[in-house]
Amino acid sequence: MSTEPQIDVSQILGHFGPYGGRFVPEALIGALEELEEAHRSSQLDPTFVAELAELHRTYSGRPSIITEAKRFAEHAGGARIILKREDLNHTGSHKINNVLGQALLTKRMGKKRIIAETGAGQHGVASATAAALMGLECVVYMGEEDTKRQALNVARMKLLGADVVPVTSGSRTLKDAINEAMRDWVTNVETTHYLLGTVAGPHPFPTMVRDFHKIIGEETREQVLALTGRLPDVVMACVGGGSNAIGIFHRFISDPSVRLIGLEAGGDGVETGRHAATITGGTPGVLHGTRSYVLQDANGQTVESHSISAGLDYPGVGPEHAYLHDIGRAEYRAITDEQAMHAFALLCKTEGIIPAIETAHALAGALQVGNELGKDAIIVINLSGRGDKDVNTAADYFGIPLN
Amino acid sequence: MTALDNLFTKVRAENRAALIAYIPAGFPSQAGCQRVIAAFIAGGVDAIEIGFPYSDPVMDGPTIQAAAVTSLENGTGAAEVFQALATASAQVPAVVMTYWNPIERYGVNEFSAAIAANGGSGVITPDLTIEESQGWISATDNSAINPIYVVAPSTSDARLAQVTAKCSGFVYVASVMGVTGARTSVSTGAADLVARVRKTTSLPVAVGLGVSTREQAKGVAAYADGVIVGSAFIKALQDAPDEESGLAAVTELARELSKGVREGR
């Protein structure tokens with residue numbers, strides 16, 4: 001049933017075609033080499049693999065289930081819509097997969113302190129959780145703007161024992177939180193692991209974070225085959241940095257009949273310039289240590305992104321996505337704030353599931369693609385996170401008064 | 001041979017270190033940057049680094065970050081960087097320091113050619129690794145300018161040899177693990193790192209990160225060929241009540257530092 005992927009897009013020195021690589025101060029090279037080696041050796045170490053599998057089973061709750069969304073599907077041209085329920089993982093999103101893996105690697109490298117960046121707070125909460133579980137010190141950098149948008153997650157991180165540092169430079173969002181985390185890392189690299197939360201950054205992060213999330217697609221493929229007897233026609237996911245999307249895409253890359261579609265944050269619309277759709281509206285460049293698509297101006301300065309979703313509000317994207325786009329293996333579309341919020345409300349009312357606003361971008365994409373393909377299609381959506389953290393934003397958007 | 005190469009030949013003959021001063025283009029304004037360059041020259045600096053301000057300066061501390069924000073608000077782009085470079089290089093050897101993306105965006109060959117056309121001796125690229133340097137090395141070869149790399153205390157001996165082999169002009173030694181900014185003391189690790197670098201290359205070695213006083217410059221000049229000062233000049237400008245007194249402070253600081261680089265040996 002399960003054949004190994006035939007296309008290995010992870011090439012030497014962390015390049016994906018012209019993308020990826022390492023653009024960092026020399027001070028970090030030693031730590032990146034150490035991390036690359038720790039990751040490589042851990043993958044071949046049965047003890048490490050078993051320890052992570054045990055955490056998945058007994059702590060995060062894997063395998064996550066799939067749910068067929070029949071009432072939601074009525075609005076998607078009658079296509080079969082299958083949700084991969086990463087929202088049911090401990091801490092409420094896919095982020096825990098990567099965090100547990102990297103926290104184990106932190107211990108393997110003998111480091112006692114982790115730092116992390118966070119946008120929506122999901123990765124920060126997951127990092128704080130893993131740090132609490134494994135007895136590591138944890139500092140989370142979060143744009144000041146995002147600490148306001150996601151106050152509930154800030155409180156969660158503090159309850160879990162993490163220090164949350166509001167970042168007041170630049171646009172005060174995810175991009176600037178990454179800058180500040182990298183400054184901390186350059187200064188404290190001997191004792192500290194930078195637990196990067198997405199498939200971006202310098203090698204080995206894009207490959208390593210992908211490896212920790214690819215279990216999503218591996219489970220999904222078996223579950224969908226068992227449920228429907230065939231491969232899906234389309235696999236969809238939202239793309240900010242792109243970790244949940246790579247996680248569910250990766251096992252399907254070698255299945256040529258399966259369309260892979262990433263949904264980027266279109267904000268007010270790509271044509272307005274106020275968006276975070278990096279592949280749709282950006283150009284190749286280098287940001288945060290990797291070459292990929294970037295929202296940038298004529299001088300190579302990063303342009304601030306805009307999205308109702310803090311987790312997608314990032315002017316870069318993982319290099320493997322840039323490569324999958326260029327070779328035509330995956331498609332990327334932009335979903336506006338308005339389209340995402342429509343899909344958000346629809347899933348709440350038709351399925352009794354409140355999704356993360358990030359995830360709602362993928363749901364909006366499924367409404368489009370379902371109507372394009374009709375009722376014979378099978379569409380899988382990575383339901384990457386739950387929406388509890390977004391209730392304030394959604395209430396505000398829909399005019400629901402909060403006392 | 002670039003003007004920078006000639007400078008290091010000269011200071012070695014004089015048995016002293018060179019004083020290299022940093023200012024971002026467009027800071028405190030486009031015209032103000034021209035005046036800062038004049039203040040550097042008046043204070044006796046030996047070479048000037050023109051910074052290309054960047055939106056995501058992960059190697060820089062708060063002082064240079066703030067200067068970059070001001071510079072970008074002043075509309076600084078490649079044209080303004082090259083203009084400042086031309087002003088500086090007309091008087092002393094001058095280089096540009098920039099994160100990699102502005103070079104890639106401008107065009108690797110075009111950027112290198114523009115540096116040479118504006119009298120620049122080289123470019124310092126703090127986030128360009130040697131693995132990603134193939135196009136850049138051939139571009140700088142073609143333009144006959146110096147590609148200058150930054151090494152850190154965490155750089156292994158084996159890696160130092162690889163990096164300095166790609167370098168010309170000088171090797172930029174980051175004295176501490178961390179970001180730019182004035183410090184009360186320059187790490188003793190800097191001397192060790194300079195010694196390790198010298199085992200791999202005969203190139204001049206210049207030390208940056210944290211130098212702000214004559215005493216510190218003197219201490220570094222004891223073992224390095226160049227002393228790089230950035231944040232201290234920017235702070236002098238930021239702390240001054242007006243531009244005139246800021247420029248006077250820059251000249252005074254440069255005078256003190258240029259004494260320091262002559263007292264080290």
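**Local features of chains A and B**

The side chain of A:Arg210 makes a polar contact with that of A:His250 at 3.3 Å (a pair of N or O atoms within 3.5 Å; within protein, one must be able to donate a hydrogen and the other to accept it, and residues adjacent in sequence count only if both atoms are side-chain atoms). The model is predicted, local features need pLDDT of at least 70, and side-chain atom pairs count only at pLDDT 80 or more. Residues are numbered from 1 along each chain as its sequence is written, and side-chain values use heavy atoms. A:Arg210 is part of helix α9 (residues 205-213) of chain A; helices are DSSP runs of H or I with at least four residues, and strands are runs of E with at least two. With a relative accessibility of 4%, A:Arg210 is buried (under 20% relative accessible area, with exposed over 50% and partly exposed in between; 1.4 Å probe, protein chains only).

In chain B, helix α6 (residues 108-117) has B:Phe111, B:Ser112, B:Ala114 and B:Ile115 buried. These residues lie on the same side of α6(B), because they cover an arc of only 160° around the axis, taken from the directions from the helix axis to the C-beta atoms. The buried residues of α6(B) pack against α4 (78-89), β3 (94-97), α5 (100-106), β4 (122-124) and α7 (134-143) of chain B, where contact means heavy atoms within 4.5 Å. Just after α6(B), B:Gly119 has a positive phi of about 80°.

In chain A, A:Tyr397 belongs to helix α16 (residues 391-398). A:Tyr397 is partly exposed, at 38% relative accessible area.

Key:
Chains are lettered from A and ligands numbered from 1 in the order in which they are written.
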